[in-house]
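Here is a briefing on one protein model.

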Amino acid sequence: MIAFLEKHKILFLLFFILAISFFFRLWQLNSIPPGLYPDEAMNGVNALEAIETGKYKVFYPENNGREGLFINIQAASISLFGNTPSALRVVSSMFGALTIVGVFLFLCLLFRGKAGIHDKQALQRVYNEQALRIAFISSLFMALSFWHLNFSRIGFRAITMPFFLIFALVFLILALRNFEKSRPSIFYFLASGVLLGLGLHGYTPFRLMPLLFIAIFIILALKKAFSIKDLSVRFILLGIVTILVFSPLILHFIKN
């Protein structure tokens with residue numbers, strides 16, 4: 001019964017966070033902010049060109065060069081909603097709102113404690129309540145914060161960076177929490193690698209993020225929290241998947 005109530009409490013809080021996030025990111029999106037920034041307009045031009053020619057690129061060289069993933073999603077949005085400012089910006093709104101969910105899940109997982117031998121069930125409940133409280137307050141603040149709200153309402157690819165990073169970390173934590181269960185752990189490591197690779201297609205500064213994962217590996221290896229051999233194999237798999245997902249851009253850079 002307690003587990004049932006806790007599960008529904010989490011779902012209710014998630015729904016509340018999502019409702020707040022989507023409302024502030026979608027309300028009057030076609031007119032606020034007014035007009036289009038030059039970078040947004042350039043994305044729109046490339047998206048329209050991709051729709052007309054059927055050539056969806058992994059990299060668009062105009063406007064100092066931009067990774068193609070975000071623009072290609074914007075092209076799909078224009079095909080669906082028409083050639084309007086909101087069609088460009090709704091993609092950012094979706095990335096922004098879902099990032100808030102990622103923050104909630106990330107903090108829930110990060111701060112969930114492990115109870116000791118005595119009063120294990122009661123302690124676990126306390127740890128979970130604290131984690132849930134931290135996750136809810138933090139994700140609510142982010143949902144309402146100006147910087148994230150601002151970039152969620154503008155058609156810039158920069159909004160993809162926190163989205164892919166937070167979900168890559170969510171799957172990494174799940175992989176480490178289930179380390180003793182080989183198959184689920186490996187699946188979560190691979191999922192983290194896919195998201196890390198997709199993030200490299202999103203925004204140029206994301207190319208620094210693999211260094212964060214290398215740092216996490218080094219810290220875990222030094223702490224000897226897990227078998228070094230198993231840890232190394234799984235992080236190598238994560239790296240291989242990341243490179244494979246990123247490989248279309250690598251090939252583009254080699255050719256150009």
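The points below are grouped by topic.

This is a predicted model. Its mean pLDDT is 90.

**Confidence**

- A pLDDT of 70 or more is reached by 91% of the residues.
- Residues 1-5 stay under 50 in pLDDT. For this stretch the model has one contact beyond four places in sequence.
- Residues 115-120 also stay under 50. Here the model has six contacts beyond four places in sequence.

**Salt bridge R89–E40**

- R89 pairs with E40 in a salt bridge, and the closest N and O atoms are 2.8 Å apart.
- R89 sits in helix α4 and E40 in helix α2 (residues 38-53), so the bridge ties together parts that are 49 residues apart in sequence.
- Both partners, R89 and E40, are buried.

**Salt bridge R66–E62**

- R66 forms a salt bridge with E62, with 3.8 Å between the closest N and O atoms.
- R66 has 3% relative accessibility; the cut-off for buried is under 20%, so R66 counts as buried.
- E62 has a relative accessible area of 28%, which lies between the 20% and 50% cut-offs, so E62 is partly exposed.

- R157 forms a salt bridge with E67, and their closest N and O atoms are 2.9 Å apart.
- This pair links distant parts of the chain, 90 residues apart. R157 lies in the loop between α6 (146-152) and α7, while E67 lies in strand β2 (residues 66-67).
- R157 and E67 are both buried.
- A network of salt bridges links E67, R157 and R207.

**Largest pocket**

- The lining of the largest pocket consists of 21 residues. Those nearest the pocket centre are I173, L176, R177, L220 and F226.
- Three helices each supply at least two lining residues: α4 (85-111), α7 (160-177) and α9 (209-223).
- Helix α7 gives the largest share of the lining, with five residues.
- By residue class, the lining divides into 13 nonpolar, two polar and six charged.

How values were computed. Residues are numbered from 1 along each chain as its sequence is written. This is a predicted model: local features need pLDDT of at least 70, side-chain atom pairs count only at pLDDT 80 or more; totals for chains, interfaces and linings use all residues. Side-chain values use heavy atoms; hydrogens and water are left out. On a 1 Å grid over the protein atoms alone, a cavity is a set of points where a 1.4 Å probe fits but cannot get out, and a pocket is an open set with protein on both sides within 12 Å along at least five of seven lines; lining residues have an atom within 4 Å of a point. Helices (H or I, at least four residues) and strands (E, at least two) are DSSP runs, numbered from the N terminus. Ala, Val, Leu, Ile, Met, Phe, Trp, Tyr, Cys and Pro count as nonpolar, Asp, Glu, Lys and Arg as charged, and the others, Gly among them, as polar. pLDDT is the predictor's confidence in each residue, from 0 to 100. Contact means heavy atoms within 4.5 Å. A salt bridge is a side-chain nitrogen of Lys or Arg within 4 Å of a carboxyl oxygen of Asp or Glu. Buried means under 20% relative accessible area, exposed over 50%, partly exposed in between (1.4 Å probe, protein chains only).
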